[in-house]
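Reader: I have a structure here that I have not looked at before. Can you take me through some of it?

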Amino acid sequence: MEYHHGEGHPRPPRSWYSPVVDWIARNKIISLFTVTFLVLAIDLLTLPYGEIEKLRTTNPKVTAFMQEHAERAKRLGKRFTIKQQWVSLREVSTDALNAIVVSEDGSFWSHDGFDWYELKESLLRNLAEGRPARGASTITQQLVKNLFLTSSKNPIRKIREWVLTWKMEKTLSKARILELYINVIEWGEAIYGIEAASQFYFGKSAAELTREEAARLAAVIPSPRRRRPDSGSRYVERRAELILARMAARGM
């Protein structure tokens with residue numbers, strides 16, 4: 001049936017969703033916040049909480065970062081063969097474990113997944129310099145990012161990271177978090193974990209690392225593709241000396 005506007009002609013029937021459309025048109029800002037909240041809520045509800053539970057007893061076979069690196073290598077036409085050998089904390093020198101903690105997250109053993117002091121200092125410095133000059137990610141946050149997320153810096157990714165960090169700290173022991181961390185982080189092109197890194201750069205197991213070698217490995221964690229722990233780089237030497245000084249100051 002065809003309807004015509006004008007005197008004497010009936011108006012077309014309003015569809016059931018017309019009041020909703022009218023309300024949205026009148027309340028654009030509220031509507032935007034509501035949709036954003038719903039999308040974020042759904043996203044957070046579907047995070048891999050179950051995978052964290054499995055990490056109590058199961059070692060991950062592949063991480064989100066490994067997949068990202070493999071895809072990037074494929075796009076560039078490069079060969080990508082993962083070098084990784086899983087080890088327990090007992091199979092790693094105490095100096096190496098101490099160097100990593102001192103270098104990456106000095107309050108690791110005492111915080112709840114977030115270092116609020118470092119976060120505040122990082123925000124103040126970044127605001128002062130107008131650029132991301134200082135990071136504040138804890139070992140737990142770095143592990144979450146490696147296992148489940150990407151290197152993207154968008155705000156939604158950061159919220160996911162915080163939620164999963166909270167879940168991981170509630171689910172796993174500190175020792176297990178550190179064990180996972182030292183086995184999955186990158187130490188060079190397709191080199192993952194401290195055992196593979198130790199064998200590749202120093203020709204020995206992670207249990208046999210000297211104090212200086214441990215500090216050098218820890219020194220390159222922030223930029224493993226740009227720095228080599230066995231190089232004569234002034235940056236690596238200075239950072240390794242700083243790590244050794246911090247270890248000595250803590251009686252390690």
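Reader: Where does Val101 sit?

Author: Val101 belongs to helix H5 in this predicted model.

Reader: Buried or exposed?

Author: Val101 counts as buried, because its relative accessibility is 3% and the cut-off for buried is under 20%.

Reader: What does Val101 touch, leaving out residues up to four places away in sequence?

Author: Its contacts are Gly106, Phe108, Trp109, Ile139 and Leu178.

Reader: And how far is Val101 from Thr138?

Author: Their C-alpha atoms are 9.6 Å apart in space, and the two are 37 residues apart in sequence.

Reader: Trp109 was on that contact list. Where is Trp109 in the chain?

Author: Trp109 is in the loop between helix H5, residues 94-104, and helix H6, residues 116-129.

Reader: Which residues does Trp109 contact, apart from its neighbours within four places in sequence?

Author: Trp109 is in contact with Val101, Lys174, Ala175 and Leu178. Lys174 is 65 residues from Trp109 along the chain, and their C-alpha atoms are separated by 6.7 Å.

Reader: Let me step back. How many helices and strands does the protein have?

Author: There are 12 helices and zero strands.

Reader: How much of the protein is buried?

Author: Of its 252 residues, 41% count as buried.

Reader: And what share of the contacts with a separation of 6 or more comes from residues 24 or more positions apart?

Author: That share is 66%.

Reader: On to H11. Why is H11 described as largely enclosed by the rest of the structure?

Author: Seven of the nine residues of H11 are buried, so the helix is largely enclosed. The buried ones are Glu213, Ala214, Ala215, Arg216, Leu217, Ala218 and Ala219.

Reader: What covers them?

Author: The cover includes H5, helix H10 (194-202) and H12.

Reader: How do H11 and H12 pack?

Author: H11, residues 211-219, and H12, residues 234-249, pack at an angle of about 115 degrees, and their axes are 8 Å apart. The crossing is right-handed.

Reader: Which residues meet there?

Author: From H11, they are Arg211, Ala215, Arg216, Ala218 and Ala219. From H12, they are Tyr235, Val236, Glu237, Arg239, Ala240, Ile243, Leu244, Met247 and Ala248. The residues of this contact divide into 10 nonpolar, no polar and four charged.

Reader: Which residues line the second largest pocket?

Author: The lining consists of Glu51, Lys54, Leu55, Thr58, Asn59, Pro60, Lys61, Val62, Leu147 and Phe148. Helix H3 (49-54) and helix H7 (139-148) are the elements that give two or more residues to this lining.

Reader: How do the lining residues divide by type?

Author: Five are nonpolar, two polar and three charged.

Reader: Last one, Ala190. What is its phi?

Author: Phi of Ala190 is near 65 degrees, a positive value in a residue other than glycine.

Reader: Where is Ala190, and is it buried or exposed?

Author: Ala190 lies in the loop between helix H9 (174-184) and H10. Ala190 counts as buried, because its relative accessibility is 3%.

Note on methods
Residues numbered from 1 in each chain as written. Predicted model: local features only at pLDDT ≥ 70, side-chain atom pairs only at ≥ 80, totals over all residues. Heavy atoms only, no water. Axes fitted to C-alpha atoms, helices over the stretch in contact; angles between N-to-C directions. Helix = DSSP H or I, 4+ residues; strand = E, 2+ residues; numbered from the N terminus. Left-handed = near helix turned anticlockwise from the far one by under 90°. Contact = heavy atoms within 4.5 Å. Nonpolar A, V, L, I, M, F, W, Y, C, P; charged D, E, K, R; others polar. 1 Å grid on protein atoms, 1.4 Å probe; cavity = no way out; pocket = protein on both sides within 12 Å on 5 of 7 lines; lining within 4 Å. Buried < 20%, exposed > 50% of the residue type's maximum accessible area, 1.4 Å probe, protein only.
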